[in-house]
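Me: I would like to learn how to read a few features of a protein structure. Could you take me through them one at a time?

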Amino acid sequence: MRVTRVTTAELDRLEFHAVRSGEHGEVAARLLDLANRVDAGSEISRAELFVRAGEQWEIAQEYERACSAYQRAIDDGGPTVIDARALSAGALLQLDEMEQARAQLKRLESEEPRGLQTYLHVAEALYAHDDLEGAERWATEGARRFLDRDLTPYVHDLLWELLRIRFRIRADRGLPEDDLDRRLDEE
């Protein structure tokens with residue numbers, strides 16, 4: 001088996017091909033193959049390749065395969081943009097595996113996720129599955145953790161997206177405006 005390195009540009013090309021062609025399953029299989037052959041010095045980690053494969057499986061509505069890819073990322077333990085446990089929980093919710101999804105989120109929450117993208121993903125997944133209380137809790141925690149930090153423009157945009165989702169969740173719950181909701185007026 002030949003070991004390979006994967007660059008961000010190559011990953012982007014594969015994902016753009018999936019979008020253009022609709023061949024999400026084929027691209028997911030290609031990403032899994034790359035993950036199995038990737039060199040330790042690759043620009044993209046093995047775990048991130050497993051995550052990206054899982055995302056492609058989800059788009060193809062192959063949630064069992066997505067869960068399997070996310071589990072491989074979790075087992076690998078390498079760096080990922082979005083914590084694989086959050087992605088796994090989202091796929092498990094799609095499969096109506098509520099207890100398993102909650103167990104993943106509980107493990108994730110106990111370790112305080114690092115990236116804002118993880119908080120955003122969990123809030124969106126819970127909101128989509130009508131867990132408004134859980135979605136608000138994750139959105140609030142993420143917003144409070146990253147608000148008033150020196151952020152890159154990209155992460156700053158994600159923070160405002162999280163605040164907007166949080167606002168919608170709170171409106172759906174019939175809750176009054178609070179200090180985080182009022183931060184949206186600063187945008």
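Reply: Gladly. Let us start with contact, which means heavy atoms within 4.5 Å. Keep in mind that this is a predicted model. With that cut-off, aspartate 83 touches Leu108 and Thr118, leaving aside residues up to four places away in sequence.

Me: Where is aspartate 83 found, and is aspartate 83 buried or exposed?

Reply: Look in the loop between α4 (63–76) and α5 (84–94). Aspartate 83 has 16% relative accessibility, so it counts as buried.

Me: Let me try the contact idea on another residue. What does tyrosine 63 touch?

Reply: Again not counting residues up to four places away in sequence, tyrosine 63 touches Glu58, Ala91, Gln94 and Leu95. Tyrosine 63 has its place in helix α4, and its relative accessibility of 16% means that it counts as buried. For tyrosine 63 and leucine 31, a separation of 32 residues in sequence goes with 16 Å in space, C-alpha to C-alpha.

Me: Now the helices. How do I describe two that pack together?

Reply: Two packed helices are described by the angle between their axes and the distance between the axes. Here, helix α1 (residues 8–21) packs with helix α3 (residues 46–59) at an angle of about 5 degrees, and their axes are 12 Å apart. Angles under 35 degrees count as roughly parallel, and α1 and α3 are therefore roughly parallel to each other.

Me: Which residues in α1 and α3 meet?

Reply: From α1 come Leu11, Glu15 and Ala18, and they meet Leu49, Arg52 and Gln56 in α3. The residues of this contact divide into 3 nonpolar, 1 polar and 2 charged.

Me: Next, aromatic rings. How many aromatic pairs does a search of the whole structure find?

Reply: The search finds 2 aromatic pairs. In one of them, the rings of tyrosine 119 and tryptophan 138 have centres 5.7 Å apart and planes at 50 degrees, so the pair is tilted. This pair links distant parts of the chain, with tyrosine 119 in helix α7 (residues 116–128) and tryptophan 138 in helix α8 (residues 132–146), 19 residues apart. Tyrosine 119 and tryptophan 138 are both buried.

Me: And how is the pair of tyrosine 119 and phenylalanine 146 arranged?

Reply: That pair is edge-to-face, 6.3 Å centre to centre, with 70 degrees between the planes. Tyrosine 119 lies in helix α7 and phenylalanine 146 in helix α8, so the pair ties together parts 27 residues apart in sequence. Phenylalanine 146 is buried, as is tyrosine 119.

Me: What sits over the ring of phenylalanine 146?

Reply: The charged end of arginine 149 does, 4.7 Å from the ring centre.

Me: One last feature: what should I look for in the backbone angle phi?

Reply: Most residues other than glycine have a negative phi. Glutamine 61 has a phi near 60 degrees, a positive value in a residue other than glycine. Glutamine 61 has its place in the loop between α3 and α4, and at 59% relative accessibility it counts as exposed. For aspartate 96, too, phi is near 60 degrees, a positive value. Aspartate 96 is in the loop between α5 and α6 (98–110) and is exposed, with a relative accessible area of 59%.

Conventions: Residues numbered from 1 in each chain as written. Predicted model: local features only at pLDDT ≥ 70, side-chain atom pairs only at ≥ 80, totals over all residues. Heavy atoms only, no water. Phe/Tyr/Trp six-rings, centres within 6.5 Å; stacked < 30°, edge-to-face > 60°. Helix = DSSP H or I, 4+ residues; strand = E, 2+ residues; numbered from the N terminus. Buried < 20%, exposed > 50% of the residue type's maximum accessible area, 1.4 Å probe, protein only. Lys NZ or Arg CZ within 6 Å of the ring centre and 35° of its normal. Axes fitted to C-alpha atoms, helices over the stretch in contact; angles between N-to-C directions. Parallel < 35°, antiparallel > 145°, perpendicular 65-115°, else oblique. Nonpolar A, V, L, I, M, F, W, Y, C, P; charged D, E, K, R; others polar.
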